[in-house]
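Hi everyone, thanks for coming.

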Amino acid sequence: MSKKIITGVKPTGSSMHLGNLMGAILPLKNVAEKNDAAIFIADLHAITSVKNADTLRDQSFELAVEYFSIFGIDSDVKIFRQSDIHDIPKLMWIIANVTPYSLMLRAHSFKDADAKELDINMWVFNYPILMAADIIGYGCDAVPVGKDQIQHLEMTRDIVRSFNKTYKKEIFIEPEAIVTEWLATLPGTDGRKMSKSYDNFIGVFDDEKTMKKRVMSIVTDSLWVDEIKDPDTCNVFALINVFWTPDEVENIRQKYLTPNIGFGYGHAKSVLLDILQRYLSGYRKARENLLKNPEIVEEKLRLGAIEMNKRLDAKMQEVREVVGVN
Ligand code: ADP
Ligand code: TRP
């Protein structure tokens, strides 16, 4: 039976990199296409940190464009903006009344910010309740997330149990987290995990010049062109291995292992660059087309929001009934 899946992404302005693509977004696409799935741009969540209207609007739009580029503009997966859903704040208000303060104090997201002695605003603290509303309001049963979000899903289940117990009716379902265990962590240009925080990433939508610069900066040892090289410890080879066919990978492996054929790291990097350009070109073209036709993106977001508003409205009717508000 198909599941109702939802996930949210914060428009915080960081560009999607190859690690995100391979470790999170393509696995999500795979699951989403087999189920009844929705992805939203979590702009209400982003205002905890993004305080400029133009920046937030631009980042939200860019994120939507990137998702449509990867999922396809005609995908059945509903992509929408969180702030287009009218009753999310109301649902959040209602479920906050069955959320214990002691539960909230345990949230890592809040504790991390607190430990850094940041002057936390109320929404950093309340974040998990908004996230719970995002999920349970549409009756979703599965939520693909990164490991860092598992605790938020546990809190969501606590809130669901508390609500259903208080009102003696199974209004909400307890959602499960789907955590993709990718085979390996994609290495970045310095060999550590590819991550925006290490600035060692290759962006999915980088222009050609930037991508070339990034690929050429991949760290290798200093063996000469004609020396035998170890493919299994090489950062360039590790990326070729992920993005190319097994036969072609084997071909390159042999080149690493054969001396005196004039194949050095510079050549391997050119091969990788070529592979990446080809692998990503469809996504890039899709993005460029959508940027030229922003009204198509807005229309799809609008249709996504109509459907999700409908689903939330149905659930809110049940909620209002048991709670006693209008
Ligand atoms: P970053 O480390 O750049 O801050 P995020 O923590 O925002 O990345 O990652 C979002 C998701 O992308 C994670 O849940 C994880 O599944 C995936 N991801 C990020 N980096 C990698 C990587 N190097 N290899 C595989 N998956 C990754
Ligand atoms: N908290 C998630 C993150 O930081 C984003 C998010 C908000 C979310 N609401 C959600 C994810 C609901 C899944 C379901 O990545």
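Let's start with a negative surface patch, made of Asp221, Asp226, Glu227 and Asp230. A patch here takes residues with over 30% relative accessible area and no salt bridge, joining like charges within 9 Å. Glu227 sits in the loop between α9 (208-216) and α10 (235-243). Its relative accessible area is 34%, so Glu227 is partly exposed; buried means under 20%, exposed over 50%, and partly exposed lies in between, with a 1.4 Å probe and protein chains only.

A word on the background: this is a predicted model, where local features need pLDDT of at least 70, side-chain atom pairs count only at pLDDT 80 or more, and totals for chains, interfaces and linings use all residues. Residues are numbered from 1 along each chain as its sequence is written, chains are lettered from A and ligands numbered from 1 in the order in which they are written, and side-chain values use heavy atoms, leaving out hydrogens and water.

Now, how many salt bridges are there? The count is 20, each being a side-chain nitrogen of Lys or Arg within 4 Å of a carboxyl oxygen of Asp or Glu. One of them pairs Glu176 with Lys3, with the closest N and O atoms 2.5 Å apart. Glu176 is in strand β5 (residues 176-178) and Lys3 in the segment before β1 (4-9), so this pair ties together parts 173 residues apart in sequence. Strands are DSSP runs (E, at least two residues), and helices are too (H or I, at least four), numbered from the N terminus.

Technical notes: Patch = residues over 30% accessible without salt bridge, like charges linked within 9 Å, V, L, I, M, F, W, Y side chains within 5 Å. Areas by Shrake-Rupley, 256 points an atom, 1.4 Å probe, with all protein chains shown as cover. Lys, Arg positive; Asp, Glu negative; His and termini not counted. Charge placed at Lys NZ, Arg CZ, Asp CG, Glu CD.
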